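Thanks for coming, everyone. I'll keep this short. Please have a look at the chain on the screen, and then I'll walk you through it.

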Amino acid sequence: MIAKAKQLPADEVFLDLEDAVAPEAKSAARTRVAAALAAPGWAGQLRGVRVNDWTTPWTHADLIEVVAAAGASLDVVVLPKVADATHVRALDLLLTQLERTHGLPVGHIGVEAQIEDAAGLTHVDAIAAAPRVRALVLGPADMMASLRMRTLVVGEQPEGYDVGDAHHYAMMRILVAARAHGIDAIDGPYLKVRDTEAFRRVAGRAAALGYDGKWVLHPDQIAAGNEVFSPRQDDYDHAELILEAYEWHTSGAGGARGAVMLGDEMIDEASRKMALVIAGKGRAAGMTRTTPAFTPPD
């Protein structure tokens, strides 16, 4: 799995020391993960490790061994079950000591904080503002258990909840905190790894809200995820057109106007901001225009 992961077209790959590893296998897994992260052959993805959470006896050993062996290659630490900002501050202190010990730039290793229970959701603003945090990640399974949702299917609606989306509050709360602090919001995994269409449907909800991505558990989910989190081609084309038109109309040559018509649509500064979001996502996905560029009127 590690060898295959090195060449997968995912934006980030993290190797897991938490829920995927049985207690008796923690020590051996730690050594294997540290060696794998430091080894050559990765295809340019961000590299990370998910350590065990601070309520366990393994967190400090995870960090010490992995950073010692692979700190120069490590982009992020995924910290699970973050209940409040002290969890992140503790991680920051230990990472700072390790970076100094091993001659790494202080702050080089970022943190992705998993919000997985009611306490974490309550303190999500402080968590988002904590040192090194680059993303908030929804942990859907643990969150559903924490809230005592009556279902066994992660990410789906509990049977009997037939109005709205039972996960909307948690997802939006995490998204708002992430945006307020200028960091990414990431949706957690969909566990039925063979059901790509169901993954696509659930991922589509997160993408529509504005999430930056979603975890995948199987290579078959990657293509669907990349597709879902990229804009539709016509939306990308129109966003680029709005940006070009607005830039011209607000210039001296275009009359220095702040609100103008683009076809049947009025565009203004708010339109530009919305278009920047769509265009930015499209550019990040490597999309190209399929329609002509804006032509100033005669």
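Before the strands, one term: two strands pair if DSSP finds at least two bridges between them. With that in hand, take strand 6 and strand 7 (residues 213–214). Two bridges join them, and they run parallel. Look at Asp187: it stands opposite Lys214 in strand 7. Now the other partner. Strand 5 (residues 133–138) and strand 6 (residues 184–187) also run parallel, joined by three bridges. Val137 has Ile186 as its bridge partner in strand 6. And keep in mind that this is a predicted model.

Next, the annotation. UniProt, in an unreviewed entry, gives residues 1–219 as "domain: HpcH/HpaI aldolase/citrate lyase". What is the helix and strand content over residues 1–219? The chain there is 41% helix and 15% strand. The end C-alpha atoms of that stretch are 10 Å apart.

The unreviewed UniProt entry also carries a "binding site" feature, at Arg50 and Glu116. These two span 67 residues in sequence, yet no two of their C-alpha atoms are more than 14.0 Å apart, so they gather at one spot.

Let's take them in turn. Arg50 first. Arg50 lies in strand 2. Buried or exposed? Arg50 is buried, because its relative accessible area is 9% and the cut-off for buried is under 20%. Its side chain makes a polar contact of 2.8 Å with the side chain of Asp16. Beyond its sequence neighbours, Arg50 is in contact with a run of residues including Phe14, Leu15, Asp16, Leu17, Glu18 and Asp19. Val78, Pro80, Gln114 and Trp215 are also among the contacts of Arg50.

Now Glu116. Where does Glu116 sit? In the loop between strand 4 and helix 5 (118–122). Glu116 is buried too, with a relative accessible area of 5%. Its side chain reaches the backbone nitrogen of Lys81 at 2.7 Å. Leaving out residues up to four places away in sequence, Glu116 touches Pro80, Lys81, Gly139, Asp142, Met143 and Ser146.

One more residue belongs in this part of the talk: Gln114. Gln114 is in strand 4 (residues 110–115). Gln114 is buried, at 2% relative accessible area. Among the residues Gln114 touches are Arg50, Pro80, Lys81 and Gly139. Pro80 is also a contact of Arg50, and Pro80 is touched by Glu116 as well.

Last stop, helix 3. Helix 3 covers residues 59–70, which is 12 residues. From first C-alpha to last, helix 3 reaches 16 Å, close to the 16 Å expected at 1.5 Å a residue. Which residues of helix 3 are buried? Thr59, Asp62, Leu63, Val66, Val67 and Ala70. Why are they on the same side of helix 3? Because they cover an arc of only 100° around the axis. What do they pack against? Helix 2 (26–38), strand 2 (46–50), strand 3 (76–79) and helix 4 (85–101).

Glu65 is in helix 3 as well. At 27% relative accessibility, Glu65 counts as partly exposed. Outside its sequence neighbourhood, Glu65 touches Arg30, Thr31 and Ala34. Glu65 and Asp53 are 12 residues apart in sequence, and 16 Å apart in space, C-alpha to C-alpha.

That's my tour. Over to you for questions.

Key:
Residues numbered from 1 in each chain as written. Predicted model: local features only at pLDDT ≥ 70, side-chain atom pairs only at ≥ 80, totals over all residues. Heavy atoms only, no water. Helix = DSSP H or I, 4+ residues; strand = E, 2+ residues; numbered from the N terminus. Expected span 1.5 Å × (residues − 1). Buried < 20%, exposed > 50% of the residue type's maximum accessible area, 1.4 Å probe, protein only. Arc of directions from axis to C-beta. Contact = heavy atoms within 4.5 Å. UniProt positions renumbered as here; feature names shortened; annotations may be inferred. Polar contact = N/O pair within 3.5 Å; in protein donor to acceptor, adjacent residues only side chain to side chain.
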